[in-house]
Amino acid sequence: MDEQMTFEAMGEDGITRLVAAFYRRVRTDDVLGPMYPADDWEGAEERLRDFLLFRIGGISRYLENRGHPRLRMRHMPFTISERERDRWVLLMRESMDETAVPAEARLWLGPFFEQVADFLRNHPGHGG
């Protein structure tokens with residue numbers, strides 16, 4: 001399984017539904033929710049959706065609107081330790097369950113999400 005096969009299994013609609021389910025969880029999450037500006041939920045959802053559509057489906061909307069992803073730099077203002085990383089992955093797994101992401105797509109998405117979450121860690125320890 002690779003990006004192209006994952007995109008074929010999910011399509012733009014599937015990725016959009018996954019991201020929407022994820023942000024429904026984040027809004028009420030006691031660990032991740034406070035990290036987001038209360039007036040930019042729609043923007044945050046759009047950015048993640050467009051990033052995933054770019055990374056998985058090759059759709060260039062993210063690059064056209066934001067340029068190179070520069071994920072570490074964009075996430076540096078936030079403390080991301082093991083706690084935040086683990087919660088992000090958990091909420092994404094729950095969102096994949098809710099939106100019935102096909103098993104074959106999860107074979108690529110699960111490790112991809114874990115790798116990205118690990119990459120964004122910028123604080124040692126477990127957080128608090």
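This briefing describes selected local features of the structure above. The structure is a predicted model, in which local features need pLDDT of at least 70 and side-chain atom pairs count only at pLDDT 80 or more, while totals for chains, interfaces and linings use all residues. Residues are numbered from 1 along each chain as its sequence is written, and side-chain values use heavy atoms, leaving out hydrogens and water.

- Thr6 belongs to helix H1, residues 3-28 (helices are DSSP runs of H or I with at least four residues, numbered from the N terminus).
- Thr6 has a relative accessible area of 0% and is therefore buried (buried means under 20%, exposed over 50% and partly exposed in between, with a 1.4 Å probe and protein chains only).
- Beyond its neighbours within four places in sequence, Thr6 contacts Met1, Ile56, Ala105, Trp108 and Leu109 (contact means heavy atoms within 4.5 Å).
- Met1 is in the segment before H1 and is partly exposed at 35% relative accessible area.

**Aromatic pairs**
- The structure contains eight aromatic pairs (ring centres within 6.5 Å, using the six-membered ring of Trp; planes under 30 degrees apart are stacked, over 60 edge-to-face and the rest tilted).
- Tyr23 and Tyr36 make an edge-to-face pair, with 5.5 Å between centres and 90° between planes.
- Tyr23 is in helix H1 and Tyr36 in the loop between H1 and helix H2 (41-57), so this pair ties together parts 13 residues apart in sequence.
- Tyr23 is buried at 5% relative accessible area, whereas Tyr36 is partly exposed at 21%.
- Phe112 and Phe113 form a tilted pair, 5.6 Å centre to centre with 50° between the planes.
- Phe112 is buried at 6% relative accessibility, and Phe113 is buried at 3%.

How values were computed: Helix = DSSP H or I, 4+ residues; strand = E, 2+ residues; numbered from the N terminus.
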